[in-house]
Each structure stands twice: as C-alpha cells, then as structure tokens.
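Here's a walk through a protein model, starting from the inside. Have a look at the structure first, then read on.

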Amino acid sequence: MLSYRRLYIVVCLALVLVSVVACSNSGEEMRRQLSELQARNQADSLMTNDSLALALCEYFDRHGTPNDQMLAHYLLGRTYADLGEAPQALDEFHHAADCADTTSADCDYRLLMKVHGQSASLFLDQYMPNEMLEELQLEGRYARKANDTITSILAIEWQHFAYGLLNQHQDAIAVLDSAYHQYLQSGYDVYAANSVLALIGHLVTINDNASAKQYIDIFESSSSRFSDGQVEPGGEIYYYYKGSYYLNIGMPDSAEYFFRKELEQAKTLDHQESAYKGLYTLYNYRGERDSIAKYAALCYATSEKQLEVSSSEELRHMQALYNYSRYQKISQEKTLEVTRSHHRLVVVIILFVFVGILIIIFIIVQRHRKKIEIERMETDYQYQINMLEQAKYDLAKSYELELSEFQKQKEKEVKERQAVIDGYKMLLSTETTLEKRLGNQDICKHLHYLASHPTMKTKKKDWQELRSMIERELPSFYSSLNNGRHVCELDYHLSILIRLHFNLSEISTLLDLIPAELSRRRKSLLKKWYDKDGSPKDFDRIIQLQK
C-alpha cells in the first residue's frame with residue numbers, strides 16, 4: 001500500500017512540474033509575440049492582425065503586469081486604427097490607460113503618454129475637439145513624468161487644432177505662443193521656428209498685425225520649412241497668411257503677389273480655395289467688380305469640389321461617431337453581462353462550499369457518535385469484567401462456606417456474565433480490528449507481493465492457506481456465497497480477493513484473467529447469485545459487506 005501512495009505522489013508532482021513548464025513556455029512565447037508586434041509598431045508598419053492582438057490581450061489580462069496589459073491593449077488599439085475602426089481603437093486606448101498603475105514606481109509613463117497621444121489624434125479625425133483637449137493634457141502630464149520634454153511641448157502645441165475647430169483663436173494663440181517659448185527655453189530652436197506657422201495664421205485672422213509681422217520674420221529667418229524665399233511643399237498656406245497680412249496693413253500689391261504665388265504652387269483644393277479667396281478679398285478691397293465676380297466664381301467652384309470630397313469624409317466621420325456610441329453601449333452591455341456571470345459563479349461556489357461544510361459536519365458528527373458508542377461499550381465491558389471478578393470471588397467464598405444454592409446462583413451468574421463479555425469482545429474486535437487483521441495476514445501480504453511481480457505464479461498451497469484463513473476469520477463467508485448453489489473454485493477465489501480489497505489489476509494477475517473477462521465474470525455472478533442487473537462494482541460492494 002505504501003508503494004502505491006508513493007507512486008501516486010510522484011505522478012502528481014510530475015503533472016505539476018509538466019504544467020509549470022508548459023505555462024512557462026507559453027508565457028515566453030506570448031511575450032516574444034508581444035515584443036515582435038511592438039517592434040512592427042515602432043517601425044510604423046501597417047498592422048492588420050487583430051486576432052494576434054486580441055490573443056495577446058486575453059493572455060496578458062490574466063498573466064501579465066499592468067505594463068504588459070497596457071502595451072497589449074495599446075497595440076490592439078493601433079491595429080484597429082490601421083484597420084480604420086476608430087471606435088474600437090478609441091475603446092482599446094481607453095482600456096490601455098485604465099490598465100496603467102500610476103502608483104507603481106515602474107509605471108511605463110512613456111507608453112502611457114503615447115496612448116493618450118493616439119487617442120487625441122483619433123478625436124481630431126472625428127472632429128471632437130473637447131475630447132482631444134482632454135487627451136492632450138493627459139499626454140503632456142505623463143510626458144513630463146517620463147522626462148520627455150519634446151512630447152510635453154508638442155502636446156501643448158497641438159491643442160491649437162482643437163481650439164481652431166472651436167473657433168477660439170485667442171486660446172489657440174496662447175498655446176502656440178507658450179509652446180514656442182518653451183521650445184526656445186529647452187534649446188529646440190528648429191521646433192520653435194517651425195511652430196510659428198500656425199501662430200501666424202491665427203494672428204492674421206484676428207488682425208494682430210504687429211505680432212504677425214514678428215513671427216513672420218522668425219519663420220523666414222529660422223524655420224527649416226522656409227529657405228530662398230520658398231516654403232517646403234505642403235506649406236503653401238504660408239503665402240495666404242502673408243498675403244492676408246499685407247492686405248491687413250494696406251499693401252494690396254504685395255498681397256496679390258503672395259496670393260498668386262500660392263495659386264501657382266497649390267497642389268490641393270484647400271490651397272487653391274484659399275488662394276482664390278485671398279484674390280477675391282483683394283479685388284473686393286480694390287473695388288474691381290469684374291475681378292471680384294471672376295474670383296468669387298472660382299472660389300465657389302473650388303469650394304463645391306471641396307464639398308464633394310469632404311461630404312463623404314464628413315459622412316464617414318458621422319458614421320464613425322455613431323459607431324463609437326453604439327460600440328460603447330455594446331461594450332457596457334457585455335461588461336454588465338460578465339459582471340452578472342461572475343456574480344452567478346460566486347453564488348454557485350458559495351453553495352458548493354456550504355454543502356461541503358455540511359457534509360464535513362455530518363461526517364464529524366457520525367464519527368463522534370460512533371466514538372461515544374464504542375466508549376460506552378468499553379465502559380460497560382469493563383463493568384462486566386468487574387462484576388465477573390466479583391461473582392468469581394463470591395463463588396469461591398461459597399465453596400468455602402459450602403453454600404450449594406448460593407454456589408449454583410453464582411455459577412449461573414458467572415456463565416451469563418462471561419457470555420456477555422465474550423459478546424462485547426467479539427463485537428468490539430469486529431468493529432475496530434477485523435479489516436486491519438485481515439489485511440495483516442501473512443497470506444494477504446504474500447499475494448500482494450506476487451501480484452506486483454507478474455513473473456512469479458501462485459501455487460496451490462497459497463490458495464489453500466487463503467481459504468483456511470477465510471474459514472477461520474470469516475466462518476460464514478462461504479455459506480453466504482454457497483446458499484444452496486454450486487460455487488466453483490475460481491469464483492470462490494475471486495470473491496475472497498474482492499472481500500480482502502485487492503485491486504482489479506492484482507486480481508487479474510493472480511487469477512490470470514484479462515480485465516474484460518474479469519469484468520464480465522463479476523457482472524455474470526451478480527445476476528446468477530443475487531438475481532440483480534448491475535455493474536461489476538455492484539457485485540464488489542455486495543461481496544465486501546459479507547462477514
């Protein structure tokens with residue numbers, strides 16, 4: 001028996017070790033895939049494998065650190081963004097931000113600032129300026145915690161896009177001016193010079209011409225986007241700003257030069273429209289009606305083309321906004337359902353624990369009752385022994401006094417009390433030591449040994465000794481099986497081994513029966529001896545109850 005327990009312990013330990021190794025290997029593989037996906041993101045590669053990103057989120061939500069979870073959801077958000085699914089991307093960026101543990105010393109603030117920066121960009125695409133401002137403020141806060149000066153100032157500079165959508169030019173000027181001076185203080189002169197282009201546009205719009213001239217000079221003398229009197233491709237809007245400045249200060253000829261220069265170099269409908277608008281404003285200032293009509297018509301036609309292009313884009317944004325609201329609603333419903341499922345699981349677990357406690361209490365009470373009953377029997381047993389000794393003493397005295405009637409009475413009492421004691425002795429022995437005594441018989445140990453060494457065979461004398469032991473310890477066992485029917489030697493040996501709690505593999509080896517035959521024979525004996533239909537285990541239970 002000890003060897004089986006040791007084998008069981010070794011098997012359990014081996015299974016635990018295999019599980020630990022498997023989990024470790026799985027964790028290393030998932031972490032490798034997370035690093036590879038992050039490398040693709042940093043290389044600005046197009047990411048479209050949302051299945052991989054979803055699997056990484058599911059794994060690290062259960063096994064990862066807060067930084068791992070934040071990175072996994074950030075990469076899933078980047079994947080959705082590349083797939084053009086803005087609502088899902090925003091939801092994942094928010095989830096990534098929620099994963100961050102900002103109270104921890106090792107919180108990845110650099111990643112957290114990127115999460116909010118990506119959210120701000122998506123809100124700009126969706127024309128949601130107020131939400132964009134919130135994300136930019138958070139990006140700046142965490143950039144400062146990460147000691148990323150450039151990003152913290154960029155987060156201030158980019159707020160002018162949101163203020164532009166809100167038509168709040170003074171606020172836009174304030175953040176751009178602040179960003180410009182912070183760039184200078186930090187030694188980023190190129191960034192400072194490049195940032196003033198948008199600032200010039202807002203200043204011209206509110207007719208702050210003195211400040212506009214100051215920043216025009218800074219842009220032309222310091223910006224990497226302006227050289228040899230030309231702006232780099234894509235920056236043609238500068239000509240419109242400068243033309244508007246000259247028109248504001250009453251220099252229409254200079255204004256016309258820059259408006260036409262923008263028109264010559266315009267590559268997009270936006271730049272064409274702004275050039276036509278500038279020329280229309282110019283000729284309206286001069287009062288030249290033919291030119292006013294001409295450029296008004298051109299501005300209108302360009303605006304119509306621009307409207308055709310932007311209408312579909314606006315529709316896409318509106319659809320995305322609808323999808324975002326709907327996606328949030330679905331997400332909330334799923335979260336509520338998960339919470340309900342969790343509550344149901346908790347209730348089921350509590351019920352199982354409660355039932356388990358009741359079962360344990362029942363077992364303890366039953367064992368306590370049995371212990372009290374045995375103690376009572378032992379007390380009464382001791383009392384009977386004392387009374388027997390007293391009766392023997394009285395009987396001896398009666399012999400000395402030659403009191404024949406008293407002798408007969410005491411002899412009878414001695415016999416009766418001896419019978420009671422013998423009954424208690426047999427009952428106590430049967431209750432507490434029978435099974436242990438059977439298992440400790442030499443023949444049982446010998447047969448266990450033979451069963452564990454299949455090359456060694458049982459001998460006739462082994463079975464003779466086994467039958468003798470059963471007849472001695474369980475004298476009624478054979479008659480309980482016989483009961484007027486013929487019991488062959490094989491079936492008798494099978495029944496004895498089952499009664500002695502040999503396991504099926506041992507019985508199969510000792511009787512030289514294959515498992516299928518052993519199972520069939522037990523089921524057949526159940527029907528033949530007890531007229532019952534059932535499983536082989538039902539036969540075993542009946543045999544093991546025989547005394």
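The largest nonpolar core in this predicted model has 84 residues. A nonpolar core here is a set of buried Ala, Val, Leu, Ile, Met, Phe, Trp, Tyr and Cys residues joined through side-chain atoms within 4.5 Å, and buried means under 20% relative accessible area, worked out with a 1.4 Å probe on protein chains only. Met70, Tyr74, Ile200, Tyr215, Phe219 and Tyr238 have the most contacts inside this core. Helix H5 (residues 109-125) gives the core its largest share, 8 residues. Take Met70: if you skip its neighbours within four places in sequence, it touches Ala96, Cys99, Ala100, Asp108, Leu111, Leu112 and Val115, where contact means heavy atoms within 4.5 Å. There's also a second, separate core of 33 residues, with Leu466, Ile496, Leu525 and Ile542 among them. In soluble globular proteins, nonpolar side chains tend to be buried together.

A quick word on the ground rules: this is a predicted model, so local features need pLDDT of at least 70 and side-chain atom pairs count only at pLDDT 80 or more, while totals for chains, interfaces and linings use all residues. Residues are numbered from 1 along each chain as its sequence is written, and side-chain values use heavy atoms, leaving out hydrogens and water.

Now for the rings. Rings of Phe, Tyr and Trp (its six-membered ring) pair if their centres lie within 6.5 Å; planes under 30 degrees apart count as stacked, over 60 as edge-to-face and the rest as tilted. That rule gives 20 aromatic pairs. One of them is Tyr238 with Tyr239, a tilted pair with 6.3 Å from centre to centre and 55 degrees between the planes. Are these two buried or exposed? Both count as buried, as the table shows.

| Residue | Relative accessibility |
|---|---|
| Tyr238 | 1% |
| Tyr239 | 0% |

Ring pairs also tie Tyr238 and Tyr239 into a cluster with Phe219, Phe226, Tyr245, Tyr246, Tyr257 and Phe258.

Finally, how do helix H20 (residues 489-499) and helix H23 (residues 536-544) pack, and at what angle? The angle is about 75 degrees, with the axes 8 Å apart. Angles of 65 to 115 degrees count as roughly perpendicular, so that's what H20 and H23 are to each other. Ser495, Ile498 and Arg499 of H20 meet Phe539, Asp540, Ile543 and Gln544 of H23.

Definitions and conventions:
Buried means under 20% relative accessible area, exposed over 50%, partly exposed in between (1.4 Å probe, protein chains only). Helices (H or I, at least four residues) and strands (E, at least two) are DSSP runs, numbered from the N terminus. Axes are lines fitted to C-alpha atoms, for helices over the stretch in contact, and angles run from 0 to 180 degrees between N-to-C directions. Angles under 35 degrees count as roughly parallel, over 145 as roughly antiparallel, 65 to 115 as roughly perpendicular and the rest as oblique.
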